[in-house]
Amino acid sequence: IVWAYATTQVSQPRLFDKVRRLFDKVSSKVIEYRDLRSFDPQALSNIVWAFAKAKISEPRLFDKVAEEVIQYRDLRSFEPQTLSNIVWAYATAQVSQPCLFDKVAEEVACRDLRSFD
């Protein structure tokens, strides 16, 4: 849902307030989870992408997703677009996560780069 709202780039103030509350609820719920193992790679990507696209700063959310990807995920299961969207989101949101970028870079270096076209 947050992906869809971020994509539409809502500009009407009353609707934006409701959308902002939705983003706040999503952020709170994701942060509350003990771990994010129930989220597939695409879901993790969509969450951080949506927050970055909507220009909503939620550092704790970004930290939680980065921690999950760094510590618990085998990036071979991530599609090229998913990896691209994750690093794009962190760069766009200006959230520094060097370990995340290192892990993604290591994975990309092992792949056939044609899969990233």
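At 39% relative accessibility, Tyr33 counts as partly exposed, a class that lies between buried (under 20% relative accessible area) and exposed (over 50%), with a 1.4 Å probe and protein chains only. The model is predicted, so local features need pLDDT of at least 70 and side-chain atom pairs count only at pLDDT 80 or more, while totals for chains, interfaces and linings use all residues. Residues are numbered from 1 along each chain as its sequence is written, and side-chain values use heavy atoms, leaving out hydrogens and water.

**Exercise 1. Describe how Tyr33 and Phe39 are arranged.**

Step 1: Search the whole structure for aromatic pairs; there are four. Rings of Phe, Tyr and Trp (its six-membered ring) pair if their centres lie within 6.5 Å; planes under 30 degrees apart are stacked, over 60 edge-to-face, and the rest tilted.

Step 2: For Tyr33 and Phe39, the centres are 5.3 Å apart and the planes make 90°, an edge-to-face pair.

Step 3: Now check the burial of Phe39: at 14% relative accessibility, Phe39 counts as buried.

**Exercise 2. Work out which residues of α6 are buried and where they lie.**

Step 1: Start with the helix, a DSSP run of H or I with at least four residues, numbered from the N terminus. Helix α6 covers residues 98–110. Its 13 residues reach 19 Å from first C-alpha to last, close to the 18 Å expected, which is 1.5 Å times one less than the number of residues.

Step 2: Leu100, Val104 and Glu107 are buried in α6. They lie on the same side of α6 because they cover an arc of only 60° around the axis, taken from the directions from the helix axis to the C-beta atoms.

Step 3: Turn to the other side of α6, where Cys99, Glu106, Ala109 and Cys110 are exposed.

Step 4: Finally, the buried residues of α6 pack against α4 (59–72) and α5 (80–93).

**Exercise 3. Find the residues with the most contacts inside the largest nonpolar core.**

Step 1: Join buried Ala, Val, Leu, Ile, Met, Phe, Trp, Tyr and Cys residues through side-chain atoms within 4.5 Å. The largest core has 29 residues, and Phe62 and Tyr90 have the most contacts inside it.

Step 2: The largest share of this core, seven residues, comes from α3.

Step 3: Look at contacts of Tyr90 (heavy atoms within 4.5 Å). Leaving aside neighbours within four places in sequence, Tyr90 touches residues including Val48, Phe62, Leu100 and Phe101.

Conventions
Helices (H or I, at least four residues) and strands (E, at least two) are DSSP runs, numbered from the N terminus.
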